Amino acid sequence: MQMRLSRSPSLRSGEYLEGMLSNYMGGVTNNNNYKPRPAQKATSSARLVTILTCLQFAFAIYATSLLYFMSPSIDLRTRLAQQWKQFTLMPPHIITHYQEEYSAKNIPGLINSSLVCEQEKIDFEQKKSNDAVMIKLKTDLYREILDFQSNTFGTETLPELMAMESKWDSRVPTTTPKVTVILNHFKRKTLCAQIDTLLHQTLPFHHIWVLSFGSPNEQNLKSIVESYNNSRISFISSTYDFKYYGRFQVALQTEADLVYILDDDMIPGTKMLQTLAHVAGTEKYENSVLGSIGRILPFRQKDFTFPSYRKFRSKEAGLYLPDPAYGITIDRVVRVDFLSSSWFLSAELVKTLFIETPFTFMTGEDLHLSYQLQKYRDAGSFVLPVDPTDKETWGDSEHRLAYVSETTVIFKDIVQVRDDQWWRALSNGYITQWAAMYPQKVDALFYAHSVEEITALAPLLEKIRTTPGKKAYVVVSGGKFCPCEDAVRALKWPKAVCRERRFKIFDLGIGLLSEMSKSEVPVLQAVYASMRGLIKIHNPSIVVAVSDIDGHVKKALRMASETNSNASALVLLPKASVPKALWMADLRPTALPNWNKMRLSVSIITQNRASSLTRLLKSLSDAYYLGDEVPIIFNMDSKVDEATLKLVNSFEWPHGPKVLRRRIIQGGLIRAVSESWYPSTDDDFGLLLEDDIEVSPYYYLWVKYVLLAYHYDPQVSLPELSSISLYTPRLVEVVKERPKWNATEYFKQIHPNTPYLHQLPCSWGAVFFPKHWKEFYVYMNMRFTEDAKQNPVQIPKSRTNGWQASWKKFLIDMMYLRGYVSLYPNFPEQASFSTNHMEPGAHISAKDNVVKHDKTDFEVPLLKRDFRDFLPNGKLPPASKLPSLNLFNQALSLKGLKSAGAKLGQDVLRCNNATEIVAVDHETGLPSHCAAF
């Protein structure tokens, strides 16, 4: 391979100087037999002036030559020589402004450009379609795109663009940009036409680099460059064909502000450079690549597949802009998916093309540039408008050249290759015009970095995909980590899925096209950039991955999720928990983004029952927590025994922080419970457990499911829900006789295992809501009396009226007066998420407790299997379908519960007993006013 950079040759400087001196002293003659005239008499002073003048002129030429060799252009070529192997730099020709102005045809030995220039013969008219259907399809799509862009970020006409403020102003020397023009030539005979129009630009270029890579016309091209005898025009050639990427590799060497890269079929008008530079200097378009021809990639078809970009008679195939064949001209700037034939951008942006190794070096540099610019620089690609009456504003003044000596068609199966390329880009997060115009919405986007991970996630992926109305796609790292073919084999999907242009699985190809370094940066960058685009396109409610995924990949996924304005939640699941979280498929897409919002604190009240506490802690440790952080708090009264202290201190809790609290003065159960937890935010929930409680492994799953379905779903309104009970009662607790009660039997007409709302709070394992707990604190503070009989709230026929020193009594009163409820589980045999072992303590077997307790009335079996198997239709029923009970286990609507509380009229504020209840400030819990219900 040989590569050469040359300047136009000319006369040797000594010969030229001698001729100039002769002309200066004696005039110019064309007679080759010229003989000097007889010398005329001259004074000594005249001779001295003549000699000094000649010496001064010679020194000026010498100084000019020296400055030329010291100029940046010489440095540039030196660097080019160092960058390219086997590079031969021909002796530079040094010229002055005097020479440039001196006509080339008057300098002996210099080639006249008119003798070497060739012109393409165009003996055909511009193609025009007479297909009315196609014309309508194309023009309709163009109008849709332009309307969308006008309404979203605005489109400007050429006069409007030129009226915008720009940092590049050719009228001021300090703000005149330097533009390097790169002309890549192979076969077409257009070089002279390009150079001629560039020499007459209203904004002068800084340099023109003419490239000839593997061209059969190299010598002709070189002769043309030399014929112009211009120091700003250089010729760079190589026997090796660097294809379409070579010109961009050369562009990396420029020291100019801007680069204008032209195909050999582009003849820009004389105002083009000035227009491009002005637009590139505006705030709106400075981070962009500008051009004159672009393409809109295919839109999705009715069968949810994407067609080839060359599909005939198809609106979804996209657009070629402008398209003279269909009468489409550009009168407003239009954003396109990629530019063709010419690119105008800052020299800094050129580097972006090479962040990722291209799919192929044989073609597709145009798409790859726009794709990489958007992916890594958030830069757009725009086709500029023209003045139809002024051809000097056109970037493509002779479009018919595109049909002369086409070169891309020589690549085998070029259409298939380019189709594969743009589909790979779209699958890697390239936001095309279709994606921008038609934002998608999926429930979940799964990411797997290895085959092991895709296998672990498969049950949940399939559950969501097979749930009616749900949609989920999977993203695999590809390359050497998790190729698409291996992933579909693990999922038992057909191999053809990897080749279809249909959304289902996306292969990022990380490490496929280039060797990955040992640094974590390439993987993090590739995952983040691709996932950010995919998340923007598909707007998943959740992004799901396994919790033990590579730390750098996890960081990239978190960053990508957080950039989505629609708030996609990153869900990191332990592999063992995935089959336990299939209920996620039943949640609305509006609820799923709140996956990470809730924070459950486990608050344990303990004193001197170490064996009971051991059992509780084991059950808590065996539960499934879905990778969530769950703080645990131990609340110990002042009389805590040594065994309990040792147990608490040695207990290891892997799911979150462990907090120990010990009272100095014995507070008793009322203070121990009510002061054990207080919410720090509106997303902080408290699970209060006495140490003789035991929980099911599924308790946390149940709590999270209920909160997401009934509390965090913005489409659900259930403000009356104040807590979630883990326990299912077997007795009617507030009636004096305490009759037995079976929820399964009671609700069999609705569904034997439907969960239900109950006005009774649970003290044997319940999760309390932050706003209602703040409200309870204030209420209890306002109503607490040492003598229960002095309590102003007396609920008719309720055993709670006589309860002494019970925090639960105050909570019952508040819930009754304000119509609040708790949600209870209802499974066969009263199987629950918690049970009470009824061990002696502050209430059970206490000396002053006259009530006898039968353990079988309170101890219920713990649920040891997936609760979805029992729920109506395998999922939680809609909130509107939940049955509700009053304090005495009698069916009553939520409005009826509020009516009963208002009628009692014993709340802290006096309200209308028929239509109003007390409303509170949820930030402080303080009562604020009476509100109608």
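**A buried helix**

In α11, Met272, Leu273, Thr275, Leu276, Ala277, His278, Val279 and Ala280 are buried, where buried means under 20% relative accessible area, exposed over 50% and partly exposed in between (1.4 Å probe, protein chains only). This is a predicted model, so local features need pLDDT of at least 70, side-chain atom pairs count only at pLDDT 80 or more, and totals for chains, interfaces and linings use all residues. Residues are numbered from 1 along each chain as its sequence is written, and side-chain values use heavy atoms, with hydrogens and water left out.

- Eight of the nine residues of helix α11 (residues 272-280) are buried, so the helix is largely enclosed by the rest of the structure.
- The cover over those buried residues includes α7 (158-163), β3 (179-185), β6 (258-262), β7 (288-291) and β12 (342-346).
- Helices (H or I, at least four residues) and strands (E, at least two) are DSSP runs, numbered from the N terminus.

**A three-strand sheet**

- Three strands make an open, antiparallel sheet in the order β9-β8-β11; two strands pair if DSSP finds at least two bridges between them.
- β9 (319-321) and β11 (338-340) sit at the edges with a single partner strand each, so one side of each has no neighbour in the sheet.
- On average, neighbouring strands of this sheet are turned by 30° against each other, direction ignored.
- Strand β8 (residues 293-296) pairs with β11 over three bridges, in the antiparallel sense.
- Arginine 295 has phenylalanine 338 in β11 as its bridge partner.
- Helix α6 (residues 132-152) packs on the sheet, touching β8 and β9, and its direction makes about 75° with that of β9. Contact means heavy atoms within 4.5 Å, while axes are lines fitted to C-alpha atoms, for helices over the stretch in contact, with angles running from 0 to 180 degrees between N-to-C directions.

**A helix pair**

- Helix α20 (residues 610-621) and helix α21 (residues 642-650) pack at about 20°, axes 9 Å apart.
- Ala610, Leu613, Thr614 and Leu617 in α20 meet Ala643, Thr644, Leu647 and Val648 in α21.

**A glycine in a loop**

- Glycine 925 sits in the loop between β30 (916-920) and β31 (927-932), and this glycine is buried at 1% relative accessible area.
- Valine 778 is 147 residues from glycine 925 in sequence, but 6.1 Å away in space, C-alpha to C-alpha.
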